[in-house]
Amino acid sequence: MNEQEVGMALVIELRRGVSASRTGRKAGPSPATGMLERMVVDDEFWTALARLGRHRLPTLSDVDAYGDTTLRGEAVDRMVGELEGASLAQLNSAEHEAIATLWAWGLRCRADRDLRIAFSGD
């Protein structure tokens with residue numbers, strides 16, 4: 001964990017973008033766009049990365065603590081693959097909840113390519 005990351009609040013959102021392609025779905029209202037779910041994490045995100053090994057989670061390790069990072073498509077696929085190989089049992093409950101939520105959101109993004117995970121640092 002980098003020293004500057006201690007005490008850094010991070011807003012993480014599961015978001016739906018506007019689909020630019022025809023999906024073949026039946027007529028009706030379009031799925032909601034924008035923020036679908038949100039979690040705000042502090043040290044638990046950074047300490048989870050440190051415990052699991054930043055070198056094992058390069059996609060999440062690249063999240064900018066001070067800016068905005070968005071994962072979609074292949075980046076989400078990489079994140080899910082990295083998390084599938086991680087041992088979450090070594091995390092405390094807050095760390096586990098944050099990482100398990102990201103993993104679940106990643107699986108949803110894999111199934112629905114209009115979804116993305118957005119990180120906003122302070």
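Among contacts in the protein (heavy atoms within 4.5 Å) between residues at least 6 apart in sequence, 72% join residues at least 24 apart. The model behind this figure is predicted, so to speak of a local feature takes a pLDDT of at least 70, and side-chain atom pairs count only at pLDDT 80 or more, while totals for chains, interfaces and linings use all residues. Residues are numbered from 1 along each chain as its sequence is written, and side-chain values use heavy atoms, with hydrogens and water left out.

On to the overall make-up. The protein has 4 helices and 4 strands, taken as DSSP runs numbered from the N terminus (H or I and at least four residues for helices, E and at least two for strands). Going along the sequence, their pattern reads β-β-α-α-β-α-α-β. Of the 122 residues, 39% count as buried; buried means under 20% relative accessible area, exposed means over 50%, and partly exposed is in between (1.4 Å probe, protein chains only). The accessible surface comes to about 6800 Å², and carbon and sulfur atoms hold 48% of that. These areas come from the Shrake-Rupley method with a 1.4 Å probe, and for residues only the protein chains shown count as cover.

Now for the sheet. Strands of a sheet pair through backbone hydrogen bonds, either parallel or antiparallel. Here the 4 strands make an open sheet in the order E2-E1-E4-E3, with antiparallel pairing; two strands pair if DSSP finds at least two bridges between them. E2 and strand E3 (68-71) sit at the edges with a single partner strand each, so one side of each has no neighbour in the sheet. From one strand to the next, the twist averages 20 degrees. Angles like this run from 0 to 180 degrees between N-to-C directions, and the axes are lines fitted to C-alpha atoms, for helices over the stretch in contact.

On one side, E1 pairs with strand E2 (residues 34-41) in the antiparallel sense over 7 bridges. Within that pairing, Val11 stands opposite Val40, and Ile12 faces Met39. E1 is also joined by 7 bridges to strand E4 (residues 115-121), again antiparallel, and there Ile12 stands opposite Phe119. Because 5 of the 7 residues of E1 are buried, the strand is largely enclosed by the rest of the structure.

What about the helices? Helix H4 (residues 93-111) lies across E1, E2 and E4, and runs at about 160 degrees to E2. In helix H3 (residues 74-84), the buried residues are Ala75, Val76, Met79, Val80, Glu82 and Leu83. They cover an arc of only 160 degrees around the axis, so they end up on the same side of H3; the arc is that of the directions from the helix axis to the C-beta atoms. The cover over these buried residues of H3 includes helix H2 (58-61), E3, H4 and E4.

Last come the charged pairs. Side chains of opposite charge can pair when their charged atoms come close. The structure holds 8 salt bridges, each one a side-chain nitrogen of Lys or Arg within 4 Å of a carboxyl oxygen of Asp or Glu. One of them joins the side chains of Arg38 and Glu13 (2.2 Å, N to O). That pair links distant parts of the chain, with Arg38 in strand E2 and Glu13 in strand E1, 25 residues apart. Arg38 is exposed, with a relative accessible area of 51%, whereas Glu13 counts as buried at 9%.

Another salt bridge is formed by Asp112 and Arg16, whose closest N and O atoms are 2.6 Å apart. Asp112 lies in the loop between H4 and E4 and Arg16 in strand E1, so this pair ties together parts that are 96 residues apart in sequence. Arg16 counts as buried, at 16% relative accessibility.

Arg110 and Asp77 also meet through their side chains in a salt bridge (3.5 Å, N to O).
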